[in-house]
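Here is a short briefing for a reader new to this structure. Please look at the model first, then read the points below.

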Amino acid sequence: MPALDKPPQTLYDKVLKDHIVNEQKDGTILLYIDRHLVHEVTSPQAFEGLKNAGRKVRRPDCTLATVDHNIPTTSRETYKDVAGFVQESDSRLQCMTLEENVKEFGVTYFGLGDKRQGIVHIIGPEQGFTLPGTTVVCGDSHTSTHGAFGALAFGIGTSEVEHVLATQTLITKRSKNMRVQVDGELPPGVSSKDIVLHVIGVIGTAGGTGAVIEFCGSAIRGLSMEARMSICNMSIEAGARAGMIAPDEITFEYLKGRPLAPEYGSAEWKKAVAYWSSLKSDEGAVYDKEVFIDAKDIVPTISWGTSPQDVVPITGVVPGPDDFSDEVKKASCRRALEYMGLTAGTRMEDIPIDKVFIGSCTNARIEDLRVAAHIVEGKKIASNVMRAMIVPGSGLVKRQAESEGLDKTFVDAGFEWREAGCSMCLGMNPDILSPRERCASTSNRNFEGRQGAAGRTHLMSPAMAAAAAIVGKLADVRKLASTIPISQKKSSPKFEIHPEVEDEEELDRILDYPEDNEPHNNTTAEKSSAGLPKFTTLKGIAAHLDRANVDTDAIIPKQFLKTIKRTGLGSALFHPLRYHEDESENPNFVLNKGPYRNAKILVSGENFGCGSSREHAPWALLDFGIKCIIAPSFADIFFNNTFKNGMLPIAIPDAATIQQLAAEADAGRELEVDLVNQRINDAAGNKLADFEVEEFRKHCLINGLDDIGLTMQMESLIRKFEGQRTRETPWLDGSGYLKRQNGNGTGPAMVEAAPVPKTNRGEIKGEPLEW
């Protein structure tokens, strides 16, 4: 029970509170980060920043790296090294740069030759790196996946990746609390993917903006960990900062025997479970927003358009503009129908497909593959399906599936059995759609061009994708299988919890501590940071992009992310909108017109910057010359990323004011953004609008301050927090193969496939192949 003098707390409130290093009067929080996952796309510039400033990685023992986004998923039977295996030069450069960085900075790494390599959001949980009550970050928006364990997990941009590497903290603000409660028994054929697609359809892609969503209710509690991860994975598609589910006995059972989890049955395990069991929302806790859903109302759900909120039941039809009352949504519907090549009123089950993709961090776990194999067993893919791919989420998932014979089931049905990686989820590797090919996909985003230029994506569950492969059209899996394995987990055995620490085991833990367990202190960097250009007043041409939900794939498509630099991306800005398929300019796009080629300010629609955490989006805008974006609302990660680059995003919720600013832009007149006085003026200096900006962020922009340098001024507070953390939650310090070895002060950088290192006592740490 909460103390009498404290109000009831939500799950988010509790985890946040336990990680606050410092909180300013204006609400700015310095948050400690327990777990940092790193991959090849969003880390090169971060490591470069460390090198330029002469800084080290503060906690290599709390950092885990792998390659996943760029890599081929073809057979690795002849694999020798990245240089010879990855054929695309820009992808190869990113992968090799990561290998160089993990060696230099002493970060543990699962490379292509390691059986534990896989998608970051799959290897973290399966290794026990992800634990309840932790803070988890990664330069990838689907980091929300780890919230299934009761962790506060969210995606960050590259500047924040560098910040965590250097300080093991982040500067942030409190999010709102939102609850999505799903009660009742799920109907046959309905999975966790259907739940989350249904939820996004109800609340929209901006429904969770500014909030952390807690998923709860009897339907959620009945799900397996794999299914819970799928739900939290897509909370970002609802606009949320993160998604969370309270840990329970299903969670604890999943973590038993994981290499990086406390040893099952030990005093440390019991102490951890005692703490984990307290991580649930108190009765009477207040939420800023609540959504209640009856599980019986959910049917197999599928997307029809170019946003995850564009969903209908498989039994439904393609909607048309007249089905929406809002003019913005009418316009979005018309664009989506044109892009997807669909006609309003068409039955979803009448839409033929060209390709099938079963994989991604949303649905590439062993449970997903088992369900899909059950559907296709003894059948063949339809003759019109040109390609059907099964891409396991990790090398361990692949091995487990093969031990169960699932690979043979898929191959016999006509599927390709691939190696682990992100694959066709985002098409920045060789696995892509050709223009106008239609794909039944278990991934998480259906943005324009997401799986390949002009490719058409329909989101669905693994069972539904498997059914589509067999039928050759979008299909209702309930018509193919009378029984479908459901992703529910019956109650696990209860644990006896004795939180007190036994003296002998406590002594053992101390004896196993490495001699060099102190964090790397970056207070005295060898070189000073350059900081950012000061932002006080900006005057220039404003371009009006009359479009809502401008996603990061539209701002800069995935093929331009394969760079190790922050500059040179201006020519790729809004590439699918600025250029035709033959790469000629689209004369109708605003930035290709007269004065707007030199625009410094962009006025656009609501939910600007939704989608991924790629900091390449603000880099592209900045490289083009745009330093200020004005919109009714912004996606959280994009909003944060702009400030990290000395840019100013201004939220103007009032529609009349936005229209007035857009009219000035359409007339080709300049706007003046006065940050000091927080107002927008016309070219003559007359006030058009006031705007709000957080005091801390305003201070940093006006003075061109470096967040990392500011944070290092709080070194004593960080060290004090880390000392308390070690005493109270010792399982969060590097353990197993992440433990720093005596004398050298760094964790092993596993570039080549190699046995897992021994502990200081000579014990071999393996990993479970079955779960």
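Threonine 134 is buried, because its relative accessible area of 0% is under 20%. The model behind this value is predicted. Threonine 134 sits in the loop between helix H5 (120–127) and strand S6 (135–138).

**Around threonine 134**
- Leaving aside residues up to four places away in sequence, threonine 134 touches Val15, His19, Asp34, Ala151, Leu152 and Leu732.
- One of these contacts, Asp34, also belongs to a network of salt bridges.

**Salt bridges**
- The whole structure holds 44 salt bridges.
- Arginine 59 and glutamate 722 form one through their side chains, at 3.4 Å from N to O.
- Arginine 59 lies in the loop between helix H2 (44–53) and strand S4 (63–66), and glutamate 722 lies in helix H25 (residues 715–728), so the pair ties together parts that are 663 residues apart in sequence.
- Arginine 59 is buried at 2% relative accessibility, and glutamate 722 is buried at 5%.
- Asp34, Arg58, Arg59, Asp61, Glu715, Arg719, Glu722, Arg725 and Asp733 make up a network of salt bridges.
- Lysine 355 and glutamate 437 also meet in a salt bridge, with N to O at 2.9 Å.
- This pair links distant parts of the chain, 82 residues apart: lysine 355 is in strand S15 (residues 355–358), and glutamate 437 is in the loop between strand S17 (416–417) and strand S18 (438–441).
- Both lysine 355 and glutamate 437 are buried.
- Arginine 614 pairs with aspartate 553 in a salt bridge of 3.5 Å, N to O.
- Here the partners are 61 residues apart, with arginine 614 in the loop between strand S21 (601–603) and helix H20 (616–624), and aspartate 553 in helix H18 (residues 552–555).
- Arginine 614 has a relative accessible area of 4% and is buried; aspartate 553, at 2%, is buried too.

**Helix packing**
- Helix H13 (residues 366–376) packs with helix H14 (residues 395–403) at an angle of about 35°.
- Their axes are 10 Å apart, and the crossing is right-handed.
- From H13, Ile366, Leu369 and Arg370 meet Val397, Gln400 and Ala401 of H14.
- This contact has four nonpolar residues, one polar and one charged.

**Cysteines**
- How many disulfides does the structure hold? The count is zero.
- Cysteine 95 is buried at 0% relative accessibility.
- Cysteine 333 is buried as well, with a relative accessible area of 2%.

Key:
Residues numbered from 1 in each chain as written. Predicted model: local features only at pLDDT ≥ 70, side-chain atom pairs only at ≥ 80, totals over all residues. Heavy atoms only, no water. Helix = DSSP H or I, 4+ residues; strand = E, 2+ residues; numbered from the N terminus. Buried < 20%, exposed > 50% of the residue type's maximum accessible area, 1.4 Å probe, protein only. Contact = heavy atoms within 4.5 Å. Axes fitted to C-alpha atoms, helices over the stretch in contact; angles between N-to-C directions. Left-handed = near helix turned anticlockwise from the far one by under 90°. Nonpolar A, V, L, I, M, F, W, Y, C, P; charged D, E, K, R; others polar. Disulfide = S-S within 2.5 Å. Salt bridge = Lys/Arg side-chain N within 4 Å of Asp/Glu carboxyl O.
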